[in-house]
Amino acid sequence: MFRHILYKLLRWIPSVLVVILVVYALLFFGAGDPIRLMFLRMPGDVAWNPERIAAMRHELGLDRTFLAQFTEYIWNLLHGNLGNSLLYQRSVNDMVKVAAPVSIQLALAAMVIMAILGIPLGVVAAVYKNSWVDHLIEGTALAFWAIPTYVAGPLLVIFLVRGLKLMSVPYGWEGLFSPKAIIPLIVLSLRPIAIIIRQSRSAVLEVMGEDYIRTARAKGISNYLVMSRHILRPVLTPIVTSLGLVIANMIQGNILLEVVFGIPGLGRLVAVSTIDADYPVVLAVVLIGSFLVMGTNLAVDILYPILDPRVRQTQVGGES
Amino acid sequence: MTVLLDVKHLQTRFKSRKRYIHAVNDVSFQVHEGEALGVVGESGCGKSVTMLSLLKLLPPAARIEQGEAIFNGDDLLQMNSEQIRKVRGAQIGMIFQDPMSSLNPVINIGTQLSEPLRAHLKMSKADAWERSVQLLDMVGIPEPRARLSDYPHQLSGGMRQRVMIAMGLACKPKILIADEPTTALDVTIQAQIVDLVKDLREELHTTIIWITHDLSLIAGLVDRIMVMYAGYIVEEALVDDLYTDPRHPYTIGLFGSLPDLGGQQRRLTTIGGAPPNLEAIPTCCPFVPRCKYAIDKCKIENPPIKPISGSGESLHSIACWVDIRDRREA
Amino acid sequence: MTEKDIPQITTSGLLNAEGLSQDRKYSLWRDAVARLMANKLAVISLALVILLIIISLIGPYFTPYDFLSQDLSARSQPPSWAHWMGSDYLGRDVLSRVIYGARTATVTSFAVVAVSGFIGIILGSLSGFAGGRVDTFIMWITDMVMAVPPMLLAMVASVALRPMVAAWMERMYASTGDTFYRQTFWADIFLLVTVLTLVLWPTYARLIRGQIITNKTKNYVLAARALGITNSSILVRYIIPNSLGPVVVQLSAGLGSAMLWESAFSFLGIGVHPPIPSWGNMISEGMDYWRNSPHLLAAPAIVLGVMTVAFSFLGDGLNDALNPKQWSD
């Protein structure tokens, strides 16, 4: 089994390298000159002095060839150094260290909410299929799913702050357990909950229609056992897969959320850096994002054989 | 012989979107203690649905419209879910067609076998496990103890079906309903399973109801056969009588389509036409469109099932207006 | 006793209680359309989508005001008879801008789905049918694209390609003098469509590849091969039509999704730029005034929400229509 994981990791590394290369190249050749952008930000009386520009360029190493810069980047990467922000001359590592925990906290909290609320609701909807309970749950899930983050956010704010006057405007970040985090957390969880509800419901429905459930009932065992053992176990596999997918997606749902609510996490970091063409920062976040996506996929892959005995022996080679 | 199960006027329908499918129409029969009853008919004739109705194992779209099924003095169809749960597995067991899809793929054999034991006989986990070893041995599975930790996909088709049989008989029910248990298996395995059931029947004195579409299979197994068509019972007889003297046009058609190993080579005959549309209950006999012997009366009224004249107490009944001995061809 | 006295079975084998036969022409698509029409939610959604298309095509010609014209004396008015959806902070009519925003959303999403769907289906079909090295290679590419969180990839691509597109537009204008190239609207859309296609094509590729692989081994394909039908014929006439089911559902969902992407990008400032209205940038601008003029935010937000839900229901309806489940009710 470890061979399988190792195999997957090995296949992943070249892909990541290509991704880094492509993204780096895209930004390098396309994004426009960061020096120029830097200058555009400076106060108006700073002169556009070509010598100073050239000197700056040289100092930042931006006048070397693509290959030289890229190699240095990779080299630094292997040492755990994500480079320096072009605009702020700070270590990207530092920037990430500050921003990452915020995003991670939010994401983890949302994950917990999503699992605790979403799975049971989906199961309930499936068990009471086609009743008003089912329609209510499904309808709500659909509504949650369809509303974009940046719509739900402001709407909720209008509703809760101006309408019901429950709290003040949540802009900025004061920690996970502060009132400012409530609305962003709700908004972040909306779509994931919706997806989990629908997936759970459909997984349970599919299992419920299987022949072996009929056999289980024919044996005269209690309904509770049928649900908790015969239905729940096979259902875990698709649900865990969905959880994995949703988590991977949450990594980016964060971006809009953080921008809207002014939360200083990785999402806002990358949004701002992209507009500024500050590509070491952008690259760093893209890398982290890909890592997380791959990590979740890997975790799901590892869990699979544990959840579904049918998969256990046939692990030689990957799927294509 | 005592009557274990007495079914009267059972009618079951399925609702699908706006239509109704009349799967079982006015079915009445009795099952006697110790006998082996075969139920024969083509796909869709209602044989499975009849038995599933008795144990209330139907999908949500189905409704039992009327009927009663007296077992042990109680009407099964009137029972609530807790009462019927106690009957299932303990008094009446049922095994199904495809053992791969009928066994839970993510739970091991031992647990699945132990479940009815613990639910009905209140055995402890350890006791149930032990008993499961004996059960597997009883159905002829080698190395039974090791097999308990296996999962269904690790066993062959024949072994899986044996496990199903063991599960069905675990609590020694009075009746075992076998719904086409051999249809999904190889011919050689089929024979083994049939033999196994015969042996177990003798050993445990279980009453067997065996559903199949394969007439040749059950000849050596059952005492009596019910032939079903379009949700009705069209002929009922002792095995020998049915095979030597079939009276209903449908039964004759079924036998005509069986290849004959010993006798003369002849073209296999088929029953012309197509299976009936169950969306409407015809007022006429449902077999009319395909019947070579139909007379005018058949197109007007649906014949009730009656013992044939001169049969005395031989239990041979048909649902037909025509006595085919008088007519070869209409 | 003649033949006529025995009710005949027709080829479709249906016989009702009076013994009369009922013939029905049967085809997968006709059946699916019938099922779709029976689903009320799906029909409403379809109507909304068609309405959207009509509005986006001819709406801008019928707007009460030009979406650019400012009336500074009537700034930030709540909805009234003069301005059905109110006016914004520059005195522009919100309704007109919403209508024009519909055009932005529709053009972008249809273009995105068309192009990414086309590329995805072709590559996916090729991959699924050819198998072997071709399949491995194409799947390797999709894996890589999908490994990067889509939003990030899109943002990066957008920022990277923008200057190139702008430069190209400049050159084209310089060489042809056609003012078409001056319109930033089309530059924005072009960039957006390119970027979103890049991010979204793998979904379709994977989907149809999966379907093709499943269908490839089905018996009717073997039968066709045994008859000597050419591979390309088999692919086009047998396999692809049977594989399109889930793809059609995804295309419909993709429309809603692309609309959300467009508005998200416009919201962030890297999609369609003001003053050209997009529901996304209208929401972004409206957010600044949420306290006093919530209608600026609410109007495009509600419209966007309704359309997304409509696309979703339509997708669900299509799914039910194309993948019927027996005994489900």
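Me: Two strands pair if DSSP finds at least two bridges between them. With that in hand, which residue stands opposite Phe71(B) in S5(B)?

Reply: Asp74(B) is the one facing Phe71(B). The labels work like this: helices (H or I, at least four residues) and strands (E, at least two) are DSSP runs, numbered from the N terminus. Before we go on, this is a predicted model, where local features need pLDDT of at least 70 and side-chain atom pairs count only at pLDDT 80 or more, while totals for chains, interfaces and linings use all residues. Residues are numbered from 1 along each chain as its sequence is written, and chains are lettered from A and ligands numbered from 1 in the order in which they are written.

Me: Okay, how do I read a whole sheet? In what order do the four strands of the open sheet in chain B come?

Reply: The general idea is that strands of a sheet pair through backbone hydrogen bonds, either parallel or antiparallel. Here the order is S2-S1-S4-S5 in chain B, with antiparallel pairing. Strand S2 (19–32) and strand S5 (74–75) of chain B are the edges, each pairing on one side only. Strand S4 (residues 62–71) of chain B is joined to S5(B) by two bridges, in the antiparallel sense.

Me: Which helix of chain B packs on that sheet?

Reply: That's helix H1 (residues 47–54) of chain B, touching strand S1 (3–16), S2 and S4 of chain B. Touching here means contact: two residues are in contact if their C-beta atoms, placed from the backbone, lie within 7 Å. The direction of H1(B) makes about 70 degrees with that of S2(B). For such angles, axes are lines fitted to C-alpha atoms, for helices over the stretch in contact, and angles run from 0 to 180 degrees between N-to-C directions.

Me: Now the other sheet. What is the strand order in the open sheet of eight strands in chain B?

Reply: Follow S6-S7-S8-S3-S9-S10-S12-S11 in chain B, and note that the pairing is mixed. The edge strands are S6 and strand S11 (306–307) of chain B. For a parallel case, look at S6(B) and strand S7 (residues 175–179) of chain B, which pair over four bridges; Met94(B) has Ile177(B) as its bridge partner in S7(B). For an antiparallel case, strand S9 (residues 224–229) and strand S10 (residues 232–238) of chain B are joined by six bridges, and Arg224(B) stands opposite Leu238(B) in S10(B).

Me: How many residues does helix H10 of chain C have, and how far does it reach?

Reply: The expected span of a helix is 1.5 Å times one less than its number of residues. H10 (residues 294–322) of chain C has 29 residues and reaches 42 Å from its first C-alpha to its last, close to the 42 Å expected. H10(C) is mostly covered, with 23 of its 29 residues buried. In helix H4 (residues 132–147) of chain C, the end C-alpha atoms are 22 Å apart, which agrees with the 22 Å that its 16 residues should span. Buried residues of H4(C) include Ile138(C), Met139(C) and Val145(C).

Me: Last one: how many residues of chain A are in contact with chain B?

Reply: There are 19 residues of chain A in contact with 24 residues of chain B. On the chain A side, helix H9 (211–218) and helix H10 (223–261) are the elements giving two or more residues. H9(A) provides the largest share, seven residues.

Terms used. A residue is buried if 20 or more other C-beta atoms lie within 10 Å of its own, exposed if 12 or fewer, and partly exposed in between; C-beta atoms are placed from the backbone.
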